[in-house]
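Thanks for passing this one along.

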Amino acid sequence: MYRRIRELREDADLTQKQMSAILHCSQQVYSNYELGQRDIPTSILIALAKHFETSTDYILGLTDSFIKRKKVLDSSQTLAYTNPCKKK
């Protein structure tokens with residue numbers, strides 16, 4: 001799983017800092033996800049799948065089939081990501 005999120009990020013020509021901004025967490029937290037030093041919360045996993053338009057199964061390594069998903073949003077919808085990095 002950790003290898004996959006790095007590959008997805010690199011294929012999209014994004015830095016860890018850019019991904020951390022997209023996911024609303026610090027660069028260090030995101031780096032820890034890629035290194036496998038921190039478990040990826042479900043909300044972040046879902047946000048990654050939405051951002052890269054793929055399935056959580058692909059990110060988790062349950063399938064090798066990368067299926068590009070279409071974003072179906074109209075002007076009144078936005079992708080909302082919760083921030084598990086912030087303490088409540």
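**Notes on the model**

1. Aspartate 64 counts as exposed, because its relative accessibility is 66% and the cut-off for exposed is over 50%. Please keep in mind that this is a predicted model. Aspartate 64 sits in the segment after H5. Leaving aside residues up to four places away in sequence, aspartate 64 touches Arg4 and Tyr58.

2. Now for the overall fold. The protein chain has five helices and zero strands, which gives the pattern α-α-α-α-α when read along the sequence. Of the contacts in the protein chain with a separation of 6 or more, 50% are between residues 24 or more positions apart.

3. A word on burial and surface. The protein chain has 88 residues, and 33% of them are buried. Its accessible surface is about 5900 Å², with 49% of that belonging to carbon and sulfur atoms.

4. Have a look at the start of the chain. Methionine 1 belongs to the segment before helix H1 (2–11). Its relative accessible area is 31%, so methionine 1 is partly exposed; that class lies between the 20% limit for buried and the 50% limit for exposed. Together with Leu60 and Leu62, Met1 forms a nonpolar patch on the surface. The accessible area of these residues together is about 270 Å².

5. Aspartate 13 has a positive phi, near 55°, and lies in the loop between H1 and helix H2 (16–23). Glutamate 53 also has a positive phi, near 55°, and is located in the loop between H4 and H5.

6. Glutamate 53, in contrast, counts as buried because its relative accessibility is 19%, and buried means under 20%.

7. Staying with the loop between helix H4 (42–51) and helix H5 (56–60), serine 55 is found there as well. Serine 55 has a relative accessibility of 13%, so serine 55 counts as buried.

Key: Residues numbered from 1 in each chain as written. Predicted model: local features only at pLDDT ≥ 70, side-chain atom pairs only at ≥ 80, totals over all residues. Heavy atoms only, no water. Patch = residues over 30% accessible without salt bridge, like charges linked within 9 Å, V, L, I, M, F, W, Y side chains within 5 Å. Areas by Shrake-Rupley, 256 points an atom, 1.4 Å probe, with all protein chains shown as cover. Salt bridge = Lys/Arg side-chain N within 4 Å of Asp/Glu carboxyl O. Helix = DSSP H or I, 4+ residues; strand = E, 2+ residues; numbered from the N terminus. Buried < 20%, exposed > 50% of the residue type's maximum accessible area, 1.4 Å probe, protein only. Contact = heavy atoms within 4.5 Å.
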